[in-house]
Amino acid sequence: MAVLLIASIAVPGSGQIETIQETMRDAVLHESDKNNLFGIFAVNPGYISSVVVTVILLVAALLIRIFVIPKFQYLPGRFQLVLEELVGLFDGLARSNSPRRNRFLGAYAFAAGVYIFFGTLFELLGLQAISLNGHSVTLPAPLSDVNGAIMLGVLSYCVIFSGVLAGNGLRGIGSALKEVSLLLSMSFRLFGALLSGLLVTELVYYYTSLSYVLPVLVAVLFTLLYALIQSYVLTMLTTLFYGEMSQPKGNKPKRRSRQQSNLAQDA
């Protein structure tokens, strides 16, 4: 390994089929690495990643529901304890931020957090797909595609909007529309964070002198860091704004008398 490292630094690299600018542009726009979906549509590789991650999570959820949950015991085993702690984490997040309406909110926070976490870790598998031009393409994280990030932001905003309607009816539509910037902030926060990790990894892999040992550390650390942070940030923001905007705004407290106000100030 030491000999190879010294040789790779001493000998100029060759054989790259595209410049670093083209590599970065393809990672963002996917102009030349589109894939065939069932031979019908040309789609970005991030869309294929999203389909694969969704199918894996649905199958895993079905297997857990059929074979694991019926065998739950009063004294939990390791896997049961992990599941209970994970569900309790997102359920507690929903209850603390939205004390009135939180059953559906907890379920959505759990689903979104799990999808972001495992969708981000998916790129570590390094699964390959053949692009339309015949090149092999590594399937990225689903949310590193701006379309996937925007749709998850739209879905989270729709959940918040449903909380506004449930708490305030049609009167709350105006206040919900004022917070439409949430849609953009949540979408591009996800996209920017995951894309930056992808670009750093592409940059490290591109140069031969950096392609020993370092890519493993960069890929694993960046991916785990973004998976944890973005899962928590999006679910926290969704539950926080859901609880704030679903709170009824029609109940105004009665005005206190001057004597009660003076007593309160003295206290």
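Analyst: Happy to! Helices here are DSSP runs of H or I with at least four residues, and strands are E runs of at least two, both numbered from the N terminus. This is a predicted model, where local features need pLDDT of at least 70 and side-chain atom pairs count only at pLDDT 80 or more, while totals for chains, interfaces and linings use all residues. Residues are numbered from 1 along each chain as its sequence is written, and side-chain values use heavy atoms, leaving out hydrogens and water.

The protein chain holds 10 helices and four strands. Of these elements, H5 gives the largest share of the pocket lining, with 10 residues. H3 (45-68), H4 (78-97), H5 (103-121), H6 (146-168) and H9 (214-246) each supply at least two lining residues.

A pocket is an open set of points on a 1 Å grid over the protein atoms alone, where a 1.4 Å probe fits, with protein on both sides within 12 Å along at least five of seven lines; lining residues have an atom within 4 Å of a point. The largest pocket has a volume of about 1,100 Å³, counted as the space filled by probe spheres set on points joined across faces, edges and corners. Its lining has 39 residues, and Leu57, Phe110, Val114, Tyr115 and Phe118 are the closest to its centre.
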